[in-house]
Every structure is written in C-alpha cells, then in structure tokens.
Amino acid sequence: MPDLLIELLSEEIPARMQTRAADDLRRLVTEGLVEAGLTYAGAAGFATPRRLTLAVEGLLAASPAVREERKGPRADAPEQALQGFLRSTGLAKEDLEARETPKGEVWFAVIEKPGRPASEIVAEVLEATVRSFPWPKSMRWGSGGLRWVRPLHGILCVLSDEAGTEVVPLEIDGIAAGDRTVGHRFLAPDEFSVLNFDDYTTKLKKSKVILSAEERAEHIWADAESAAFAQGLEVVEDRGLLAEVAGLVEWPVVLMGAIDDGFLELPAEVLQTSMREHQKFFSIRNPKTGRIEKFVTVANTEAADEGATILAGNRKVLAARLSDAKFFWENDARAVRSHGLKGMAKPLEQVTFQHELGTQAERIARIAALAREIAPMVGADAGEAELAARVAKADLASEMVYEFPELQGVMGRYYAKVEGLSDAVAAACEEHYAPLGPSDTVPSQPVSVAVALADKVDMLTGFWAIDQKPTGSKDPFALRRAALGVIRIVLENDLSLSLDQFFDAGLLSHKIAINQPEAAAEDKEALNDILQDIAEHGVFGAAVRTIRGNVGEGFVADIVKAVPDKSLDLLEFFHDRLKVHLRGEGMRHDVIDAALEMPGSDDLLRVVHRARALQAVLETEDGENLVQGFRRANNILQQAEEADGVEYSYGPEVKLAEVDAERDLFKALDQARSKISKALETDDFSVAMGAMAELRGPIDGFFEAVQVNSENEILRRNRLNLLHLIRDTCGQVADLTRLEG
C-alpha cells in the first residue's frame, strides 16, 4: 500500500488561517479519496507560513472494481419512465436486461465500474480540492483562473512504496506537480527532491524549516523560557500569541531585548497589550517586582550578528508604540486627578448603549441603584457598592481603552487607585465584567460581586423589557453568557438570593425609562412608588397586591401587568442556563427538573443544593427503591382519582388500619414529615432527603401486605388518602414525578 505526500507551496499564508487550512486540506482530500474507493490507514495535515502539507498512510494502490445491479421500471412502463431510468444509470436501452418478476417483466441495469489506479484518483481529487479550497479570503493572479490565499508557486505530489516513488501526473493553471520543493526562503532557498514523508521532513529540517506548528511553538517557548530564566526573569504566558507567532516563522530564532527605562513604570497590562497587539512580542516579567522589563521577539532567520541589528530595529519601533501608550496613560491619569472618575465618565452621557435602553450614563445609574440594593445581601457596604458601580465603566471614555478596548476594566482599576479610591472599589472596576467565559474566575470580593450582579441583571432585564431575547442561532448581546455569569457568581460565592426581586425591579425600571416621555406626572409618580415598594417588600407579586386597588386600567396598569410575565420568562431562561451548567457537572437532567419544580426556584443556590442532595439519595439503593414505591403509589392514586372524579386528600385515619404494615407506614410518615419540616426550615436538604429515603421500607411493606383497592369502600378510601400522604410527604422535598424510569 503506497503512502501519499502532498505539498502546496505559496507566498506567506496568514497565521490565523493556517490551522484550519491544514485541516481542510486533510478533510477534502481524504473525503474525495474515500468517495472514489480509496481507503487509507491514517492522515495528517501540516502548515507553515509558506506551505500546506498532507501525509496519507496506507492508501490502496487502486480502487476496487464495482458491480451494481439497479432495478428499473416495468417493461411496459411509459417511455418517459424508461428514459429517466436510462439517464440515471448512464446506459442505453440495449444495455438493459428484462427479467421476469412476480410483478411482471422489469428492466434491470448492470453497472460495472472498473478499478482505477491511485495516481489517477489522487490527481482528480487534488485538483478539485485546490480549485474549490475554502479560504476565508483568496486572490487571483496572472492570467489563470485559480484563486488561492496567496500566489501558488509549486505542487509536490508523490506516491511512495517499497518499489519506489511515483510523481502523480497533475497540472493546475500551468503549475505541474513534481517531487521537488524548497527550504527556508533565505537560509536554504535551493530545490531538493523527496522520496516520502520521512525523507521530506528530514530534508526540510536540514533546509531550516520545521514542518510541525506544535514543534515550532514548543521550540519558541522553550528558548524564551531559557533566555528569561538565565536573567532571573519569567515569560508571561500567552498561548494565543504563541500559536500566532508559530504561524509566522518556519525557522524560529528567539531574541530577547530590553524595554527603555522610560516605559517601565507603565502598567504591566499596558506594556503587554501594546507589545502583543502591535509587535507580536512576548512580555518578560521580573517576578520580584511584577514589572514587565524585557521582551522576546521571534525572528525567521539566523543573523550573523546574533540578532543585534534585528533587536535594535525592534526596540526603535517599540519605543514609538510605547510612547503613544505612555501619552495615553499620562493624559488619562491627569484627567482623573483633576476631575475624578466621575468626571472621566461624563462623555458617556452622549454614548448610546442601545437605542431603546438609553445611554451608557443612564445604564450606569441603573446599575448603581441596583448594586446598592444587592450590596447588603452579599455582605458589601451599600454606599461603596453604589460608588463602585458609578465609576466602574468610566474607563470606557479613556484614551487608553479607546486604543486598547481589551483593557476595559483593567484600566478602571488603575485609574481608581490614581484617584485614591478604596481597594474594593478599584477591584470592582476590573472584576465586574467577570466571568467572561466558562474558564474565567468569578469575582469574590463583596463589592465586586454586587456590581457584577447588578451589571448583568440590568443587561438581561433591559433586553427582556424590549423583547430582544436570544434566539436559537443568535445572541448578539451575549445574554446567555451574562446569565451564566450570574449563575456562577451565585453558586461559587454560596449566595442565597431571590432573583425574582431583582428581575421585577429591573424590568419595571426599564419600562419606566422607556415610557417616560409619554407618561403623565401622576403616572410617573405611581410607577416610582411601585418600584420603591419592590425595593422594600421584595418580589413583584407582593407589590402588585399592595397597590392593585390603585392601579386600575390605563398607562400604569399596562406596564405593571406586563412585568410579571416577562420576569417569569427571564427566570425560565435562567433555569435553562442552570440546566446546561449542572449537566456539565454530570448531574441528571430529570433530577434538576425535580428540584426546579419546587417553590423558591428563583433562589439558584437553594435549587442546586436540593438537586445535589436528591442525586446523592438516588445513588443509594434505598433512594432508588423509594422512587419506585413513590411512583407506584402515585400511579394508583392518579388512576383512582380519575376514575372516581374526586381528590383523595382528606387525611387518612390510623384507626382504620387493618394490619401492622399499614400502621407502620402511618408511624413512619409522621416521623418523616417532622424530620423533613425541621430540615427544610434550615435548607438542610441532605437530612430531608435522608428522612424521605427512610420511607422505602415502610412503603414496600405496605404494598406487600395491603390491597389498596379493597372491596370495602371505607378501607379503600382511607388507603387512597394514605397514598396521598406519601405523595405529599415526598413532595415537600422534591417533585419526584419529574424523575424518569
């Protein structure tokens, strides 16, 4: 079985496209080969700045011959049906066979496809792949019609086995395939021939080209760490930059240079961001001071002066870039000293957040009010939380964040320290955006937690208020991420919060703001009274009951009535995000549903504690058997209630019990209800679940000893009421009807 080697040599391929291009080459070629009948043992794609390479092992030498029989229409079918069959098979009528079948004489086509040599199939597949390659951007050059990401210079395509190496005959727009390639553009530009993949990689390395992107990255990182360690420094880890730089060089040469002293006092994140974005430099940190003092650049060639000229040029360009960063930093710091962060935030009054939700300044005011309400519930000082919320987004108006948007929050922390604000406020400026992803850490300081929750709740309630919810395929405002952020903050900080209260207040605040222009003075006053009532008394339902007599019909009533449904819909959205989060932890989806169906499901921490306790019980024999007993009791009860048209929930009487098993169940239920009630008062779900699981034995004994549907109507009714007591007792802990099985 031969091996296939393909190399497409071109001008430099953008680094961001290389990984996908190597995978696309592997996928398209191997899919084409298999479709043509050529199977293989393994395939791997590679990319450097100048070449895409594919190595396929264990390819069939030829495709197998194929014989296919295809049944057609009846011999007496209309001519139109016969002609359609002939077109689908590619045969003439005289090539068909008429055969007798139980349904009469039927036309059959016998299609025979002879095997084809691998070289012929490879040539067809590779040409089709090159001509239809899915580059994000491509270009056409010269007089040909071929489009490629950059001008294509050469094609290497060979099949090799024990007998030798065969060049696949192929030509694309004047570029003929061969067995030759070139090495490094500057260090080894001469052509050389190759026999197979091993010979290819060996000769490439001798010609100063490392084919594997992973190997280039490892080489860069190892040399950078060695250079830094030798001077008592360390490399700031940046895997994204490492992958990008590995795609810029074929023969990486690591060089370390110093940053001019005039820039060393810039914030470390500013230095790192500026060097990464503009120069693709790695930052070198002094672990003793935390300052960024040097940089590492990766050249694509070996210089006679060991890189001195390259470093000198890089330092000159870097100085110009860092001069801009220093100018921004000093200007911003001067503005903060003069007017404070609130003064810096003044331009945000003219910046629209969303056309229906107002300006950034209006959004900040809402976040500040909500943060003040949340603060006592998370252990934060209300005044400090409100202050942090008012200044947390001020850096959006800074020159530094305008230049480097990814530094939002980070610069807010620095500017807060410049103004002399507390460490808690400074931390909140940076941390209130977190978490930005599933692996990002969540804020843990109380002030940061209050502002982060307020920020995300305002975002979610705002877009719910204007019916801009995420769809199955679109979430332009990252609302799913915001909801998951709230969930993670609540769970990882062990916060027991009633989200309904914040949803109701947030939705009403947005509705008031959206409808302010058309509201009469008395309507505005009524709405603000309702908002204050929510802040004082909790969830919206209580507030509605308080003021319902004064709402009546009209403008205020329309707004008030719209909020509860939107709040419930938003809570259901959170429940969906919570299910995804918990399923990622390995929790059963039906267990989550059983916990969510219980009252107080807006307290996510309570839901999770209940679900985890239930799953732990279900993993025991008693727990699993209890569910079976509960299901049996519930099914019998439901069938009886449907048949009789009554509800059996009037309290069974122990004096009507006939056997000990029945009396034992009465006693067990009394004890369990007492234990469960006490445990639920302190949200001790483990104890409550344990008390429920202890019912397993008495319930099993009851069903073994007693016939529920007794001929004695009094006994039957009493036992059905006893089944209701089982359902009601277990239902205090979780909705077991939601469990599967």
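Arg 216 sits in helix H5, residues 213-229. Helices here are DSSP runs of H or I with at least four residues, strands are E runs of at least two, and both are numbered from the N terminus. This is a predicted model, where local features need pLDDT of at least 70, side-chain atom pairs count only at pLDDT 80 or more, and totals for chains, interfaces and linings use all residues. Residues are numbered from 1 along each chain as its sequence is written, and side-chain values use heavy atoms, without hydrogens and water.

Arg 216 is buried but has no salt bridge. Buried means under 20% relative accessible area with a 1.4 Å probe, protein chains only. A salt bridge needs a side-chain nitrogen of Lys or Arg within 4 Å of a carboxyl oxygen of Asp or Glu. The nearest side chain of opposite charge is Glu 250, 6.6 Å away. Two backbone oxygens lie by the Arg 216 side chain.

| Backbone oxygen | Distance to Arg 216 side chain |
|---|---|
| Ala 47 | 3.0 Å |
| Leu 211 | 3.0 Å |

The largest nonpolar core has 151 residues. Such a core joins buried Ala, Val, Leu, Ile, Met, Phe, Trp, Tyr and Cys residues through side-chain atoms within 4.5 Å. Helix H14 (residues 446-465) gives the most to this core, 13 residues. Another core, of 37 residues, lies apart from it and includes Leu 4 and Ile 172.

Strands E11 (residues 171-172) and E12 run antiparallel, joined by two bridges. They form a hairpin with two residues between them. In the turn, Asp 173 has a positive phi of about 50°. Glu 171 stands opposite Ala 176 in E12.

Methods. Buried means under 20% relative accessible area, exposed over 50%, partly exposed in between (1.4 Å probe, protein chains only). Lys and Arg count as positive and Asp and Glu as negative; His and the chain ends are not counted. A polar contact is a pair of N or O atoms within 3.5 Å; within protein, one must be able to donate a hydrogen and the other to accept it, and residues adjacent in sequence count only if both atoms are side-chain atoms. Two strands pair if DSSP finds at least two bridges between them.
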